[in-house]
Amino acid sequence: MSNREQRTLSVPEGVAGERIDSALTRVLGLSRTAVVKLLEDGDIRTSGKAMAKSDRVSANQVIDVLMPAPINQDPIPLTPLEGLSIVYDDDAIVVIDKPVGCAAHPSPGWTGPTVVGALMAAGYSISTSGAAERQGIVHRLDVGTSGLMIVAKSDRAFTVLKDAFRNRTVDKIYHALIQGHMDPTTGTIDAPIDRHPKEDHRFAVVATGKDSITHYEVIEFYRGVSLAKVELETGRTHQIRVHFSALNHPLVGDTTYGADPVLAKSLEMRRPWLHAKELMFDHPITGEHLSFQAPYPADLTRSLALLSDAVLP
């Protein structure tokens, strides 16, 4: 006898217009992989008809979901990580400087270290709110992106911070090394983003995608590249990488989105040149305004030195 729960929900206005896989990931707290599996199995229906993952939802649409069977959740693997720097720590939050090569949380197919696993291995207690494998994670950085991240230690902090990111009251500033010389030197990229229509592991500017806004300002020009300060107004997956690639100015080293592999090799870059440099937000419990900065890691510093010293191809 199945012990799966049948759940009926009305789509909240906050996710109206989104793809069903994205909307239900947020509403149900399940991973996207789990939601896609339900869609493929015909377990998500509206008006008695099975939905596809590319379907978009509308406000107050009634959707029936046959929830996954409860499973004994495997404990999150403890993944000690030498390069993880603690920038700030109290009873509610911990702010870290994430090294490259570390994922925010466990996910299917990822066997490397995670922020959650590394913090737990170091003895930090993490909020258990959110999807089981993403506990404490209120925002993410890609595996190949270094820099500042907040992790919630209490359930109250998790809820407040999730709302702060949703309401865009957290200021996130990145530094990126971009191929070519940006003209104009300051600007805003306002272009909707969604999953690539043909390659599921990539994202792209898509007319029907989610609202995505990136502000930039060139800090310095080098030969053939621009070092830019980038501020996100929205926080879509791969947003900075997709937006600059769409302008034919991909990030140095970002071969997934069209970067020149010869240039990347000459600068010894094995990942996109992108660093979460500054983070400013109100403390979720005390309300105190906090501001943090993280220095460039060794690989990014080395590439800038090579730019200054070497003749590029």
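View 1. Helices (H or I, at least four residues) and strands (E, at least two) are DSSP runs, numbered from the N terminus. This is a predicted model, in which local features need pLDDT of at least 70, side-chain atom pairs count only at pLDDT 80 or more, and totals for chains, interfaces and linings use all residues. Residues are numbered from 1 along each chain as its sequence is written, and side-chain values use heavy atoms, with hydrogens and water left out.

**View 2. Strand β7 also pairs with β6, in the antiparallel sense and over 6 bridges.** Here the bridge partner of I93 is A152 in β7. Strands of a sheet pair through backbone hydrogen bonds, either parallel or antiparallel. Because 7 of the 7 residues of β7 are buried, the strand is largely enclosed by the rest of the structure. Buried means under 20% relative accessible area, exposed over 50%, and partly exposed in between (1.4 Å probe, protein chains only).

**View 3. The largest nonpolar core has 30 residues.** A nonpolar core is a set of buried Ala, Val, Leu, Ile, Met, Phe, Trp, Tyr and Cys residues joined through side-chain atoms within 4.5 Å. L119, Y174, V230, I240 and F244 touch the most other members. At least two residues each come from β6 (93-98), α3 (115-121), β7 (146-152), β8 (171-179), β12 (213-222), β13 (225-232), α5 (239-246) and β14 (274-282). Helix α3 gives the largest share, 4 residues. Not counting residues up to four places away in sequence, L119 touches L84, I86, V94, I96, Y124, I126 and V151; contact means heavy atoms within 4.5 Å. A second, separate core of 18 residues includes A92, L161, A164 and L279.

**View 4. An open sheet of 4 strands has antiparallel pairing and the order β1-β4-β2-β3.** The edges are β1 (6-10) and β3 (49-50); each has a single partner strand, so one side of each is left without a neighbour in the sheet. Strand β2 (residues 44-46) pairs with β3 over 2 bridges, in the antiparallel sense. T46 has K49 in β3 as its bridge partner. Helix α1 (residues 20-28) lies across β1, β2 and β4 (62-66), and runs at about 105° to β1. Axes are lines fitted to C-alpha atoms, for helices over the stretch in contact, and angles run from 0 to 180 degrees between N-to-C directions.

**View 5. D194 is found in strand β10 (residues 193-195).** With a relative accessible area of 10%, D194 is buried. Its side chain makes a polar contact with the side chain of R56 (2.7 Å). A polar contact is a pair of N or O atoms within 3.5 Å; within protein, one must be able to donate a hydrogen and the other to accept it, and residues adjacent in sequence count only if both atoms are side-chain atoms. Leaving aside neighbours within four places in sequence, residues in contact with D194 include R19, F203 and T208.

**View 6. E233 is found in the loop between β13 and α5.** E233 is partly exposed, its relative accessible area being 33%. The side chains of E233 and H215 make a polar contact (2.7 Å). Apart from neighbours within four places in sequence, E233 is in contact with R168, I213 and H215. The C-alpha atoms of E233 and H175 are separated by 15 Å, and these residues are 58 residues apart along the chain.

Methods
Two strands pair if DSSP finds at least two bridges between them.
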